[in-house]
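I opened this notebook to record a set of look-ups in a single model. The entries are kept in the order in which I made them.

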Amino acid sequence: EHFSINKKLFFAVIVCVTFALFTKFILLSKKQPQSADGVPVIGVIIPLTHPSLQKIVRGFCTELKKRLNGSCEFLVRDAHGDQHIQQPAIIDEMKYKKVDLVVPIGTLCTQMTLQKAPEIPTVALAASPGVITKSNLATGIHDEIDAKITCQFIQQIVPNISKFSVIATQSEKTLPELEELRHHALNAGIAMQTIFVQTPSDIYLATHSVNTDSQAIFILKDHMVVSSIATLAQLGKDRRIPVIASDEGSVASGASCALGVEEESIGKTGAECAALILQGTSPQDIPVKPLTNLTVFINKNACKQQHLPIQAIETFAKNNAYRVINTSKD
């Protein structure tokens, strides 16, 4: 009986020691960089590929490599606009591979990332600041423009405008933006038609819903809509009304103009935050940073096709001390 008790005690000790060692191994493995050579791995999640997001990623990766002397690796994944299957799967992959930092782009992608992977330090790019709270292990770069300034931009570049149409998706991000824009438009005596779409295939149908008395088409930084800018640019050309965007990439791809920030600057500013985190600073100690240096982007070829006076845009930029960048390819 004495031998039996000692034997049980011996096995109990062995089990406890084994469990302790296993737990320690798990904890250490979570803290260590995941690449074989000890270099930190950064997971970048792109909700949908289009020129603006590509510039953000390029700016981020280039700047972070510079700040870390090339000592980092990137795991870049594109959800191709699929928020229901591919995007969650990408986040799961990031968790499985235990990336040291995750970088979601856009508000909706950030929301999902923080919900599914709250334990991974996060730098959100081009996301609404409201999605990041004190409890999140996250910080981010905020690039949205005040709706009042956007409304002033539209009013001053389109002569005698009394009505414009907005094509947008219905989401937690866009709905408040649309409501605020409508409020400022009404205060300025401008009517706003809103056309909602759900998928890229809806964009073509939406072009036939634009009111005949609409004098401009406006789009937000709405990834799905932005990905169909070529269709909207053709509508602007056919109707002889400008397509006014909110991002640099859309202007390069056919919109007449936009008031916004340089996309690469979003990535570069995000890289500053990422470098601090990888060097030991908690994301919670890094405030969400707004980008305030606005730029007017002009596609002079599109302006001519969509009958928007270039002089009006340049005058607006000059009066507000905004830099002007011409995105025309020729």
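**Conventions.** I worked from a predicted model, in which local features need pLDDT of at least 70 and side-chain atom pairs count only at pLDDT 80 or more, while totals for chains, interfaces and linings use all residues. Residues are numbered from 1 along each chain as its sequence is written, and side-chain values use heavy atoms, with hydrogens and water left out.

I took helices (H or I, at least four residues) and strands (E, at least two) as DSSP runs numbered from the N terminus, and I called two strands paired if DSSP finds at least two bridges between them. I found an open sheet of seven strands in the order 7-6-8-9-10-12-13, with mixed pairing. Strand 7 (191-197) and strand 13 (323-326) are its edge strands, each pairing on one side only. Strand 12 (residues 295-298) runs parallel to strand 13 and is joined to it by four bridges; within this pair I noted V296 opposite V324.

Axes are lines fitted to C-alpha atoms, for helices over the stretch in contact, and angles run from 0 to 180 degrees between N-to-C directions. Helix 6 (residues 174-187) packs on the sheet and touches strand 6 (163-169), strand 7 and strand 8 (217-218), its direction making about 165° with that of strand 7. Helix 9 (residues 229-239) lies across strand 6, strand 8 and strand 9 (243-245), at about 140° to strand 9.

In helix 4 (residues 107-116), I listed T107, C109, T110, M112, T113 and L114 as buried. These buried residues pack against strand 1 (41-46), helix 3 (86-96), strand 3 (101-104), strand 4 and strand 5.

On a 1 Å grid over the protein atoms alone, a cavity is a set of points where a 1.4 Å probe fits but cannot get out, and lining residues have an atom within 4 Å of a point. I counted one cavity of 30 Å³ or more, and the volume of the largest cavity is about 110 Å³. Its lining has 15 residues, with L53, A126, D143, K221 and H223 nearest the centre. By class, I recorded four nonpolar, five polar and six charged residues in that lining. Helix 2 (51-67) and helix 8 (223-226) each supply at least two lining residues, and helix 2 gives the most, with three.

Is T295 buried or exposed? T295, in strand 12, counts as buried at 3% relative accessibility. Beyond residues up to four places away in sequence, T295 touches A258, L259, G260, E262, R323 and I325.

Q156 belongs to helix 5 (residues 147-157) and is partly exposed, with a relative accessible area of 43%. Leaving aside neighbours within four places in sequence, I found Q156 in contact with A312 and F316. The C-alpha atoms of Q156 and F316 are separated by 6.8 Å, although the two residues are 160 residues apart along the chain.

Notes: Contact = heavy atoms within 4.5 Å. 1 Å grid on protein atoms, 1.4 Å probe; cavity = no way out; pocket = protein on both sides within 12 Å on 5 of 7 lines; lining within 4 Å. Points joined across faces, edges and corners; volume = space filled by probe spheres on them. Nonpolar A, V, L, I, M, F, W, Y, C, P; charged D, E, K, R; others polar. Buried < 20%, exposed > 50% of the residue type's maximum accessible area, 1.4 Å probe, protein only.
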